[in-house]
Amino acid sequence: MLHIAKKHLLKIGIISLSITAMALPMQVKASISPATSTQQAFINEIAPHAEVVQKKHGILASITISQAILESNWGKSELAQKGKNLFGIKGSYKGNTVVMATKEHNGVSYVGTKASFKAYPTWYESLNDHAILFAHGPSWNKDLYKGLMNQTNYRAAAKALDYTGYSTDPNYSAKLIEVIEKFNLAQYDNIQEAYAEKTSDKNFFMP
């Protein structure tokens, strides 16, 4: 379950951030290995959207893709299937919701309940909504995710999340890094070079 951002990105019970089923080794650096056809299809679907999000908000595409993989189980979670919601964001999107069973903490223990989650028309809206939280921060701390923004190194970006309380999983950033390296997701960050070059020369774009 999320901690600092739980009011914005509360996970349904079936989506555990530990993702133990993936059995990612934490002790050694993952070697690049081919994705299955299903996994690659999911990456191919969301990578172009993650690149657009990177251009708009300055969040590395590899970070966005790896988070989507971990938090939606490769887009297979019930919420992802029903509402294109990859991150368990609650509320409504342009009036569209998906009601799901979930668990919430009442101060003593987790209890079963039902909650409304945003239902998006495509993966892009889910990725972009998630990025907006990072870009603007929660109401109580606008700069909470400042360390994540405009990073050019996925390892630094992943570790920056550790200091925000985004996840209570102590291995969360390590799992992101493992997924990025195992499936060579950093290749989608090449767009950052063009983005950095474009934004570094402000005079060129001034009238």
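Q: Axes are lines fitted to C-alpha atoms, for helices over the stretch in contact, and their angles run from 0 to 180 degrees between N-to-C directions. At roughly what angle do the axes of α1 and α4 cross?

A: Two packed helices are described by the angle between their axes and the distance between the axes. This is a predicted model, in which local features need pLDDT of at least 70 and side-chain atom pairs count only at pLDDT 80 or more, while totals for chains, interfaces and linings use all residues. Residues are numbered from 1 along each chain as its sequence is written, and side-chain values use heavy atoms, without hydrogens and water. Here the axes of α1 (residues 37-57) and α4 cross at roughly 35° and come within 9 Å. Helices are DSSP runs of H or I with at least four residues, strands are runs of E with at least two, and both are numbered from the N terminus.

Q: Which residues of α1 and α4 meet?

A: Contact means heavy atoms within 4.5 Å. From α1 the list is F42, E45, I46, H49, A50, V52, V53, K56 and H57, and these meet W123, Y124, L127, N128, A131, I132 and A135 of α4. Sorted by class, the contact holds eleven nonpolar, three polar and two charged residues. Ala, Val, Leu, Ile, Met, Phe, Trp, Tyr, Cys and Pro count as nonpolar, Asp, Glu, Lys and Arg as charged, and the others, Gly among them, as polar.

Q: Is L127 buried or exposed?

A: Buried means under 20% relative accessible area, exposed means over 50%, and partly exposed is in between (1.4 Å probe, protein chains only). L127, in helix α4, counts as buried because its relative accessibility is 1%. Not counting residues up to four places away in sequence, L127 touches I46, H49, A50, V53, T64, A68, L86 and F87. N85 is 42 residues from L127 along the chain, and their C-alpha atoms are separated by 8.5 Å.

Q: How many salt bridges does a search of the whole structure find?

A: Side chains of opposite charge can pair when their charged atoms come close. A salt bridge is a side-chain nitrogen of Lys or Arg within 4 Å of a carboxyl oxygen of Asp or Glu. The search finds four. One of them joins E78 and K82 at 2.8 Å, N to O. Both residues belong to helix α3 (residues 78-83), four residues apart, about one turn of the helix. E78 is partly exposed at 36% relative accessibility, whereas K82 is exposed at 54%.

Q: Which parts does the salt bridge of K118 and D129 tie together?

A: The closest N and O atoms of K118 and D129 are 2.9 Å apart. K118 is in strand β2 (residues 110-118) and D129 in helix α4 (residues 123-136), so the pair ties together parts eleven residues apart in sequence. Both K118 and D129 are buried.

Q: Where do E181 and R155 lie?

A: E181 and R155 form a salt bridge with closest N and O atoms 2.9 Å apart. E181 is in helix α6 and R155 in helix α5, 26 residues apart, and the pair links distant parts of the chain. E181 is buried at 6%, while R155 is partly exposed at 31%.

Q: Which side chain is joined to S62 by a polar contact?

A: A polar contact is a pair of N or O atoms within 3.5 Å; within protein, one must be able to donate a hydrogen and the other to accept it, and residues adjacent in sequence count only if both atoms are side-chain atoms. The partner is D189, at 2.6 Å. S62 is in helix α2 (residues 61-72) and is buried, at 0% relative accessibility.
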